[in-house]
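Please read the following briefing alongside the sequence and the model. It covers the fold, the surface patches and the salt bridges in turn.

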Amino acid sequence: GLKTQNFGQASESKREQFRRYLEKAGVLDSLTNVLVALYEETDKPNNPLEFLRHHLGAAGPEATDTELLRQEVAELRQKCDRLMEENKELRNKLLHYEPAQGDGAPE
């Protein structure tokens with residue numbers, strides 16, 4: 001009888017540790033909020049699992065998504081810089097060929 005009692009206590013404390021771990025990570029709050037949102041839906045979705053996925057996903061994008069977006073932003077910034085540079089060069093060439101109006105150029 002002693003062995004089963006020890007096992008019972010051990011599993012209980014493991015369960016308690018797991019609960020605290022989930023609570024600390026904000027998992028319990030997130031799940032509770034999503035379930036409350038589902039409960040408060042007047043038109044219950046046909047696919048509650050999809051509803052949960054969508055709402056949990058809305059809490060924050062996956063780390064991989066964030067990384068991909070970061071890379072894309074960096075690439076777009078570089079592209080933008082290159083285009084600005086090219087634009088400046090083209091404007092200078094244009095000025096070389098036809099002086100801007102109102103630049104004191106004779107009419």
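Which pattern does the chain follow when read along the sequence? Read in that direction, the pattern is α-α-α-α, with four helices and zero strands in the chain, where helices (H or I, at least four residues) and strands (E, at least two) are DSSP runs numbered from the N terminus. This is a predicted model, in which local features need pLDDT of at least 70 and side-chain atom pairs count only at pLDDT 80 or more, while totals for chains, interfaces and linings use all residues. Residues are numbered from 1 along each chain as its sequence is written, and side-chain values use heavy atoms, with hydrogens and water left out.

**Overall surface and burial**

- The accessible surface of the chain comes to about 10300 Å², of which 55% belongs to carbon and sulfur atoms; accessible areas come from the Shrake-Rupley method with a 1.4 Å probe, and for residues only the protein chains shown count as cover.
- Buried residues make up 4% of the 107 residues in the chain, where buried means under 20% relative accessible area, exposed means over 50%, and partly exposed lies in between (1.4 Å probe, protein chains only).

**Annotated region**

- UniProt, in an unreviewed entry, lists residues 66-93 as "coiled-coil region"; its positions are given in the numbering used here, feature names are shortened, and annotations may be inferred rather than shown by experiment.
- In the model, residues 66-93 are 100% helix and 0% strand, with the end C-alpha atoms 41 Å apart.

**Surface patches**

- Patches are made of residues with over 30% relative accessible area and no salt bridge, like charges being joined within 9 Å and nonpolar side chains (Val, Leu, Ile, Met, Phe, Trp, Tyr) within 5 Å.
- A nonpolar patch on the surface is formed by Val27, Leu31, Leu35 and Leu56, which together have about 300 Å² of accessible area.
- Helix 2 (residues 27-40) gives the most to this nonpolar patch, with three residues; Leu35 is found in helix 2 and is partly exposed, with a relative accessible area of 49%.
- A patch of negative charge on the surface gathers Asp81, Glu85, Glu86 and Glu89; Lys and Arg count as positive and Asp and Glu as negative, with His and the chain ends not counted, and the place of a charge is taken as NZ of Lys, CZ of Arg, CG of Asp or CD of Glu.
- Glu86 is found in helix 4 (residues 63-97) and is partly exposed, with a relative accessible area of 44%.

**Salt bridges**

- A search of the whole structure finds five salt bridges, a salt bridge being a side-chain nitrogen of Lys or Arg within 4 Å of a carboxyl oxygen of Asp or Glu.
- Arg19 forms a salt bridge with Glu16, the closest N and O atoms being 3.0 Å apart, and both residues lie in helix 1 (residues 2-24), three residues apart, about one turn of the helix.
- Glu16 also meets Arg20 in a salt bridge (3.7 Å, N to O), this pair lying four residues apart in helix 1, again about one turn.
- Arg19 is partly exposed at 38% relative accessible area, as are Glu16 at 28% and Arg20 at 46%.
- In helix 4, where Arg70 and Glu67 are three residues apart and so separated by about one helical turn, these two side chains form a salt bridge with the closest N and O atoms 3.5 Å apart.
- Arg70 counts as exposed at 53% relative accessibility, whereas Glu67 is partly exposed at 39%.
- Salt bridges that share partners join Glu16, Arg19, Arg20 and Glu23 into one network.
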